[in-house]
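Subject: Structure handover

Hello,

Here is the structure I promised to pass on. Please open it next to this email and follow along.

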Amino acid sequence: MKSQGAAKNEANNAAQSSAGAEKAAAEVKEVIDFSKVEIEPLFEDLVDFETFSKSDFRAVKVKECVAVPKSKKLLQFTLDDGTGEDRTILSGIHAYYEPEELVGKTCIAIVNLPPRAMMGIDSCGMLLSAVHTEEGEEKLHLLMVDDHIPAGAKLY
């Protein structure tokens, strides 16, 4: 029979070994081949700082995400933007994401766009995504950030 101290030590050693294995697995980084990626050219027109600074970019937390009925593209997001009131944003990214995989994520939105009706629903802002073409196929990645960033945090 093991003493209580020996059992605790064995449990601690097992936990440390498991954590070490997880850390080692996390350190193995996926190698991504960007050689076949095409990106859009940069805009040649310059935007003055005053115009840029009118854009209000915020971290938002996805509280709920559902497919918009009768739409193949649109997802309806219910977001926590730090104001205490839910914000609804629609995004045409259903070809790239299933709604349930986005719940709980922290994303970036521009929140001071005028509301825009889509499929009879007001979309109050825009979620930011990165888009590129790879071997003739459009790829889209919704910008998601560290979950430690609180809802409503302003981006500069």
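Helices (H or I, at least four residues) and strands (E, at least two) are DSSP runs, numbered from the N terminus. With that rule, the elements of the protein chain run α-β-α-β-β-β-β-β-β-β-β-β-β from the N terminus on. That makes 2 helices and 11 strands.

Two notes on the basis. This is a predicted model, where local features need pLDDT of at least 70 and side-chain atom pairs count only at pLDDT 80 or more, while totals for chains, interfaces and linings use all residues. Residues are numbered from 1 along each chain as its sequence is written, and side-chain values use heavy atoms, with hydrogens and water left out.

**The whole chain**

Buried means under 20% relative accessible area, exposed means over 50%, and partly exposed is in between (1.4 Å probe, protein chains only). Of the 156 residues in the protein chain, 24% count as buried. The chain exposes about 11,600 Å². Carbon and sulfur atoms supply 55% of that area. Accessible areas come from the Shrake-Rupley method with a 1.4 Å probe; for residues, only the protein chains shown count as cover.

A contact means heavy atoms within 4.5 Å. Take the contacts between residues at least 6 apart in sequence: 57% of them join residues at least 24 apart.

Where does Asp56 lie? Look in the loop between helix 2 (49-52) and strand 2 (57-67). Asp56 has 18% relative accessibility, so it counts as buried. Leave aside its neighbours within four places in sequence, and Asp56 is in contact with Ala109, Ile110, Val111, Asn112 and Lys154. Gly125 is 69 residues away along the chain, and its C-alpha atom is 9.8 Å from that of Asp56.

Next come the charges. A salt bridge is a side-chain nitrogen of Lys or Arg within 4 Å of a carboxyl oxygen of Asp or Glu. The structure holds 5 salt bridges. One of them joins Asp56 and Arg58, with the closest N and O atoms 2.6 Å apart. Arg58 is partly exposed, at 24% relative accessibility. Asp56, Arg58 and Lys154 are linked in a network of salt bridges.

Lys154 also lies over the face of Tyr156, at 5.3 Å from the ring centre. The rule here: NZ of Lys or CZ of Arg is within 6 Å of the ring centre and within 35 degrees of the ring normal.

**Other salt bridges**

The side chains of Lys63 and Asp86 form a salt bridge (2.6 Å, N to O). Lys63 lies in strand 2 and Asp86 in strand 4, so the pair ties together parts that are 23 residues apart in sequence. Lys63 is partly exposed, at 47% relative accessibility.

Glu135 and Lys36 also meet through their side chains in a salt bridge (3.3 Å, N to O). Glu135 lies in the loop between strand 9 and strand 10, and Lys36 in the loop between helix 1 (4-27) and strand 1 (37-38), so this pair ties together parts that are 99 residues apart in sequence. Glu135 is exposed, at 59%. Lys36 is partly exposed, at 46%.

**Positive phi**

Most residues other than glycine have a negative phi. Glu135 has a positive phi of about 50° and is not a glycine. Lys70, also not a glycine, has a positive phi near 65°. Lys70 sits in the loop between strand 2 and strand 3 (75-80). Its relative accessible area is 84%, so Lys70 is exposed.

**Aromatic rings**

Rings of Phe, Tyr and Trp (its six-membered ring) pair if their centres lie within 6.5 Å; planes under 30 degrees apart count as stacked, over 60 as edge-to-face and the rest as tilted. By this rule there are 2 aromatic pairs. The rings of Phe49 and Phe52 have centres 6.3 Å apart and planes at 45°, so the pair is tilted. Both residues lie in helix 2, 3 residues apart, about one turn of the helix. Phe49 is exposed, at 64%, and Phe52 is partly exposed, at 42%. Ring pairs link Phe49, Phe52 and Phe57 into a cluster.

Best wishes
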